[in-house]
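I opened my notebook to record what I looked up, entry by entry.

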Amino acid sequence: MTTATDTHCPYCSLQCGMRLATDGARPQVVARPGFPVNRGALCGKGQSAAALLGPAGRLTAPLVREGGALRPAGWDEALDRVARGFAALRQTHGPDAVGVFGGGGLTNEKAYLLGKFARVVLRTANIDYNGRFCMSSAAAGNRLAFGLDRGLPFPLEDIPRTECLILVGGNPAETMPPALRYFRELRENGGTLIVVDPRRTRTAELADLHLQPLPGGDLALALGLLHVLIADGMVDTAFVEARTSGFAQARAAAMAQWPERVERLTGVAASRLREAAHRFGRAATGMVLTARGPEQQSKGTDTVSAWINLCLASGKAGRLHSGYGCLTGQGNGQGGREHGQKADQLPGYRSIEDPRAREHVARIWGVTPESLPGAGRSAYELLDGLGTPGGARGLLVMGSNPVVSAPRAAHVTRRLRSLDLLVVSDLVLSETARLADVVLPAAQWAEETGTMTTLEGRVILRRRAVDPPEGVRDDLWLLGELARRLGVRSGFPDDAEAVFGELRRASAGGQADYAGITYARIRAADGVFWPCPDEDHPGTPRLFLDAFATPDGRARFVPVTHRPAAEEPDAAYPLHLTTGRVLAQYQSGAQTRRVEALNAAAPGPFVELHPLLARKLAVREGQPLAVVSRRGRAVAPARITDAIRPDTVFMPFHWPGAGRANTLTHPALDPTSKMPEFKVCAVRVERARPGEEGTK
């Protein structure tokens, strides 16, 4: 007898609705047209999501390192070894000698309990997660301007109803294909789509206007657009005076970036800049959406602030069908940054430095506020300090693969190897897990129940549909077992709904208030939007319509000025490198590279370059190329296309080994968000040497 369970895709922040049908054989994904976000549509990753359910290709027993190699072990042996190792490190070097590195794909329940485990059991300040590498600049910009961070302050259904939308550094045609219909519907309704991207992506091909700046030019471009709005009389003065503060300072900064100067900085013609400004400025409603392109820069927060300033000056924020938003990347990139995985946060998006927040959360956890550690190191700083004096000497990694995904990845790999104890919980033997001293096999999406928070701020429920393979355990159980072995015998239940109930209480009164959200409400309504402070509250699909979440209710302009990238091209490294995703792979590829259909569509890395550059290098299509930065060398086949600028090359970042793009990327950090500069660095390109990967 076939049964079908309503659930959600395990990949991106859309969390597309799907059904998982089981009849005793391998589970099958089937459409779930009633879920409002994707209306039954799924990309190839979602359609093949059941491929990793079952034991094939999975970890099905703990592994422990012995004599330099990993061998299978029982759970008691593995957990005892972890507990003894962490306890010894804490006793010898202090609590901060053990760190925790989480993931943006963990459920809210896991993220919450992981943060509690770090602060109550380990009492370490050293916890952060890979979401720092994704949305942190947008989060910082949101909080500076609006006083609150939610990826989208409106539901996706509002996108087709706006008159003009600027999409900056995002390619949803490949990163979240079911969302593309919203942009198509926008144009069908007569709206204007403007795409800003150094590459002519599949999304850019749909645009009415494509602006193709140099990598790192997004900040100057936004300032130039605001300059034109001001100079040509398109500022919504009534809105600025009634609902914002700080315009004079932002105006002064923008007036220094006239269109011809911006053209020299970005390569975007002044005429096209003016056209974009007029289309946006003259529209009655408008939105700006950013993604990793402008955010993954050492000036990412300032860049986001500049785009928000454009919305505020034109009166396109805090109004229906208008506003700034971020296309959150990871499946729970939103919820993962709300409930305690970040180095400086407590549940409910509370600051760990706020005495009232510490008191509230400590009361829920049954500890004293004084026992809670303070803010720790950000993600890259945590990884960079591993095994060094003052850095963590032991690390628990849950749902992340920094060997592939971190910037300056060869250096991060060396730091991981230097640890006294590396513990990895994952569903597959990822590149990071291969370095571990203990590997713990984790259940995945359809094998467990838990909530996720989409890019809209919609809290949804993944339902358990199948049992995990024998020998595999849920991370909630794992954290409870480790807590008990480390002397904390209560407060770590393995029932997801019980954990969510505690999360609700811990988040109550915070900015990300889930107090009124229950599993029953989520089931009944296909999700509930936060903030939702009590069970009678309907949830909040649209933020800021009456006031912004600042003390005075006004949105704040943030004055920013253009500055170059941390590393600009020079004679030795004359080209820009930018990185990104492809349609058939996801993040570090730990899961998607194990799915036959996805690997057939995207079997490996490549170097995208313009025909003019290929001619200069005497390179033909498919020929192995070496891309070289000051941090290392990556080798992959050439892909020649006029869709990219002649001064820029592109590499996708899903693969390890010789073609690992993050071997090259720059770890320079944004001073506010601590986001590394993934999206721009200086490189040179040359034909691969004989004997390098892919050469004869």
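**Entry 1: the model.** I noted first that this is a predicted model.

**Entry 2: the seven-stranded sheet.** I looked up the strand order of the open sheet. It reads β5-β4-β18-β17-β16-β6-β7, and the pairing is mixed. I then checked the edges. They are β5 (69–72) and β7 (127–129), and each of these pairs on one side only. From one strand to the next, the twist averages 20 degrees. I reminded myself that strands of a sheet pair through backbone hydrogen bonds, either parallel or antiparallel.

Strand β4 (residues 63–66) is joined to β5 by four bridges, and the two run antiparallel. Across from Val-64 I found Arg-71 in β5.

I also looked for a helix against this sheet. Helix α18 (residues 475–485) lies across β16 (394–398), β17 (421–426) and β18 (438–441). Helix α18 runs at about 155 degrees to β16.

Entry 3: How many bridges join β1 to β2? I found six, with β1 covering residues 3–8 and the two strands running antiparallel. Asp-6 has Arg-19 in β2 as its bridge partner. Strand β2 also has four bridges to β3 (residues 28–31), again antiparallel. There, Leu-20 stands opposite Val-29 in β3.

Is strand β2 enclosed or open? Five of its six residues (17–22) are buried, so β2 is largely enclosed by the rest of the structure.

**Entry 4: aromatic pairs.** I counted 13 aromatic pairs. Phe-500 has 2% relative accessibility and counts as buried. Tyr-514, at 0%, counts as buried too.

I read a second pair, Phe-544 and Phe-548. Their centres are 5.3 Å apart with 35 degrees between the planes, and this pair is tilted. Both Phe-544 and Phe-548 are buried. I also found an aromatic cluster made of Phe-101, Phe-133 and Phe-678.

**Entry 5: charges over rings.** Which ring does the charged end of Arg-181 sit over? It is the ring of Tyr-182, with 4.1 Å to the ring centre. Arg-199 does likewise with Phe-650: its charged end sits over that ring, 3.6 Å from the centre.

Entry 6: I started from the general rule. Most residues other than glycine have a negative phi, and most peptide bonds are trans.

Then I looked up the exceptions. The peptide bond from Trp-530 to Pro-531 is cis, with omega near 0 degrees. Pro-531 lies in the loop between β21 (528–529) and β22 (555–556).

His-321 is not a glycine, yet it has a positive phi of about 65 degrees. I located His-321 in the loop between α13 (300–313) and β13 (323–326). Its relative accessible area is 18%, and the cut-off for buried is under 20%, so His-321 is buried.

Tyr-349 also has a positive phi, about 65 degrees, without being a glycine. I found Tyr-349 in the loop between β14 (345–346) and β15 (350–351). With 4% relative accessibility, Tyr-349 counts as buried.

Definitions and conventions:
Residues are numbered from 1 along each chain as its sequence is written. This is a predicted model: local features need pLDDT of at least 70, side-chain atom pairs count only at pLDDT 80 or more; totals for chains, interfaces and linings use all residues. Side-chain values use heavy atoms; hydrogens and water are left out. Two strands pair if DSSP finds at least two bridges between them. Axes are lines fitted to C-alpha atoms, for helices over the stretch in contact, and angles run from 0 to 180 degrees between N-to-C directions. Contact means heavy atoms within 4.5 Å. Buried means under 20% relative accessible area, exposed over 50%, partly exposed in between (1.4 Å probe, protein chains only). Rings of Phe, Tyr and Trp (its six-membered ring) pair if their centres lie within 6.5 Å; planes under 30 degrees apart count as stacked, over 60 as edge-to-face and the rest as tilted. A charge sits over a ring if NZ of Lys or CZ of Arg is within 6 Å of the ring centre and within 35 degrees of the ring normal.
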